[in-house]
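Please find below a short briefing on a protein fold and one residue of interest.

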Amino acid sequence: MGKARGRLIVVEGPEGAGKSTQLAHLAAWVAARGLSAHLVREPGTSVVGQEIRRLVLDPSHSVSPRTEALLFMAARAELVASELQPGLQAGRLILADRFFLSTYAYQIHGRGLPEADVVAANRFATQGLVPDLTLLLQLDPTAGLERARRRSSHDRMEQAGSDFHARVAAAFTSFAEPAWQAAHPECGPIVAVPAAGDESQVFRALLAVLAARWPAMFGERAATDDRQVVT
């Protein structure tokens, strides 16, 4: 009998929602249970992805919306081919900081690109790969941008106007609706997680979603183990 397929869990959300922080907590929690998880981010992780990340997020560059979308797609195609597909086939648990919901939010809703064209390009880039679960951190856009502004530097996406980020945030909110998910099966299951609380509160909410879906992996001792990781 061959090795069981791994799982792809994605954490998504608008600027400042705390994706990277929560993924780090989740990876530590998994490691504390004697398991391992492979962390990836979009764009990035692969050599090609890192170069695209540097280019597309550099605030000194002017990039047209279509070029921006295609650069993100190129990074995604490389991530799928070099990291996601091999890892899943090897039975690994993969935790991803963003995947294609961000393209739907930023490039379709934020930039106004045609949905059908972007969805088709995404299908080509992902080879039809569907996440096992996307945890959608939801946060008021004003609060998220304020969090992002506290960082020492701001990338090109973060420097976009407030109207752009309001459209992005509204899009992320709509992605949690059953009707939207039914119309977009390529995105897989999406569960919203409130992200306005402190780190430990958000992590407990995130872990509760995972425990409900996969109790064997995330349910046992969940109520106490998260306090050992998040302080």
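This is a predicted model: local features need pLDDT of at least 70, side-chain atom pairs count only at pLDDT 80 or more; totals for chains, interfaces and linings use all residues.

Residues are numbered from 1 along each chain as its sequence is written, and side-chain values use heavy atoms, with hydrogens and water left out.

**Sheet**
- An open sheet is formed by five strands in the order S2-S3-S1-S4-S5, with parallel pairing; strands (E, at least two residues) and helices (H or I, at least four) are DSSP runs numbered from the N terminus, and two strands pair if DSSP finds at least two bridges between them.
- Strands S2 (37-41) and S5 (190-194) are at the edges with a single partner strand each, so one side of each has no neighbour in the sheet.
- Strands S1 (residues 7-12) and S4 (residues 133-138) pair in the parallel sense over four bridges, and Val11 has Leu135 in S4 as its bridge partner.

**Helices**
- Helix H3 (residues 65-89) lies across S1, S2 and S3 (93-97), where contact means heavy atoms within 4.5 Å.
- Helix H7 (residues 162-175) lies across S1, S4 and S5.

**Arg98**
- Arg98 is located in the loop between S3 and helix H4 (100-110).
- Arg98 counts as buried because its relative accessibility is 12%, the cut-off being under 20% relative accessible area (1.4 Å probe, protein chains only).
- Residues touched by Arg98 include Glu42, Tyr106 and Phe172.

Conventions. Axes are lines fitted to C-alpha atoms, for helices over the stretch in contact, and angles run from 0 to 180 degrees between N-to-C directions. Buried means under 20% relative accessible area, exposed over 50%, partly exposed in between (1.4 Å probe, protein chains only). Lists of a residue's contacts leave out its neighbours within four places in sequence.
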